[in-house]
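Dear colleague,

Please find below the structure that I am handing over to you. My findings follow it.

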Amino acid sequence: MDLPVAVIGGGPVGSALGLLIPGAVVLDARCYPRDKPCGEGLMPAGAAILESLGVRLEESGFPTIAGVCYRLPSGESARSDFKEGSGFGTRRLRLDALLAARAGVRSGVRLEGMRPLTDGVELQTSAGPMAVGIVIGADGLRSTVSRLMGWSRSPSGVRRFGVVGHIATTGSVPDVEVSLLGEVETYLAPAGDGEALFAVLGPKGGLRDQGATLAETYRRFLAAARPDLGDAPLIGPLTGAGPFNVRPRRVAAGRVFLVGDAAGFLDPLTGDAMTAGLQQARELARLLAEDPESAPLKYQHFCDQQWGRRQRVTAIALHLSRSQTLSRRAVRGMRQRPEALQRLLTVNQGLEGLGLLRPWDWAALLGMV
Ligand SMILES: Cc1cc2nc3c(=O)[nH]c(=O)nc-3n(C[C@H](O)[C@H](O)[C@H](O)COP(=O)(O)OP(=O)(O)OC[C@H]3O[C@@H](n4cnc5c(N)ncnc54)[C@H](O)[C@@H]3O)c2cc1C
């Protein structure tokens, strides 16, 4: 192909594509370093893809994550290591800037329009027109590429939102900790030296107490999830995100593809989205190198399958967090049978299908052991 591949969006997924596809041009509307509301927990399978691209997270100072721990307000908990090695706490301010620099992202260039050409696509950007062979939208939840293609859809199902902030910690945070508080779930992850990420997820009305500020409510949830961190100072502002559960009508046709959040985002609770996006990027790069003509159909199929698995795992996670009774049963079951949680973590990373879970694992997750 004579014309270059253009990747719109230089987040982790767009930058990975810039590294995976020789000669690709990556454009981002914003300038780095820029932040992005995120739980910042990268699963081992996602870290392995970055490692294969020469990005050594441990050497770059990102803290490791050993596994996932589910906690209840009573203090009861269940945890499991990742079987596949370490995940990482990836403070996005640092990770995205590092990846964008490696991928040579052209920052401050916004995609504004697209027009088909006989052998490619003409992009209208804030830096002027640009003729490209293939366009890959890695431009996030409110993807311009998806909108310009007429593929965007509104979020579906129960509307969930997130509030994300960082706190100063003295001790280490070795795991991703999910606290099931009934009205909301919270998510604690290591973010760096003396810093942790704390996010609250739930329906819009549940994230702010009546008569209280967002920060006061956030702190109430922090104290409920981790009483020992209730007074931890906030670092930087709180940011909001959502609603989630949004997927475009399609993710590929002709010379246009979507990856990462642009290709759909389910819910932060499972912490798998960056990993899923990196897996899409790796697959799309492989398919384009093999045969660009057949790539759209094959890539759409890959994404449909991946979405189906992710939807089922998310449904399990949301179901278990829906009531205190279900959460308590599940945490007790997982404590008795940690391998059930470990297998679920493997499935959640896309390394195996749900068939990996044995009947006894299901019984444990449903609290029937
Ligand atoms: C509350 C919350 C918690 C989460 N927790 C986790 C977690 O623990 N683990 C995990 O793996 N994932 C998590 N996620 C999901 C994760 O943040 C996303 O999956 C990830 O950021 C997707 O990366 P991306 O590269 O697809 O898009 P983004 O990181 O959103 O990057 C998109 C880029 O596109 C650029 N862009 C947008 N429009 C244009 C345009 N018109 N022209 C040019 N550039 C443009 C933007 O400037 C941006 O830099 C969480 C998300 C939320 C909201």
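Two strands are said to pair if DSSP finds at least two bridges between them. Helices (H or I, at least four residues) and strands (E, at least two) are DSSP runs, numbered from the N terminus.

Please note that this is a predicted model, in which local features need pLDDT of at least 70 and side-chain atom pairs count only at pLDDT 80 or more, while totals for chains, interfaces and linings use all residues. Residues are numbered from 1 along each chain as its sequence is written, and side-chain values use heavy atoms, with hydrogens and water left out.

Both β12 and β19 belong to an open sheet of six strands with mixed pairing, in the order β8-β2-β1-β12-β19-β18. Its edge strands, β8 (106-107) and β18 (252-253), each pair on one side only. In general, strands of a sheet pair through backbone hydrogen bonds, either parallel or antiparallel.

The antiparallel sense is found in β9 (residues 111-117) and β10 (residues 120-125), which pair over six bridges. A hairpin of two residues connects β9 to β10. Leu117 has Gly120 of β10 as its bridge partner, and Gly113 stands opposite Gln124, also in β10. Strand β10 in turn pairs with β11 (residues 128-132) in the antiparallel sense over five bridges, and here too a hairpin makes the link through two residues. Val121 stands opposite Val132 in β11.

Turning to the domains, the assignment for the chain gives domain 1 (5-40 + 91-155 + 245-313), domain 2 (160-241) and domain 3 (320-365); such bounds come from an automatic or database domain assignment. The C-alpha centres of domain 1 and domain 2 are 29 Å apart. Nine residues from domain 1 and 14 residues from domain 2 take part in the contact, where contact means heavy atoms within 4.5 Å. Together the two domains bury about 940 Å², with 60% of it on carbon and sulfur atoms. Buried area is the accessible area (1.4 Å probe) that two parts lose on being put together, summed over both. Of the area that domain 1 buries against domain 2, Pro37, Arg91 and Leu269 supply 49%, more than any other three residues.

The buried residues of α5 are Thr217, Tyr218, Phe221, Leu222 and Ala225, buried being under 20% relative accessible area, exposed over 50% and partly exposed in between (1.4 Å probe, protein chains only). Seen down the axis of α5, these residues fall within an arc of 145°, so they line one face of the helix; the arc is that of the directions from the helix axis to the C-beta atoms. They pack against β5 (67-71), β13 (160-168), β14 (176-180), β15 (185-192), β16 (195-203) and β17 (234-241).

Finally, Leu53 is placed in the loop between α2 (44-52) and β4 (64-65). Not counting residues up to four places away in sequence, Leu53 touches Ala16, Leu19 and Leu20.

Yours sincerely
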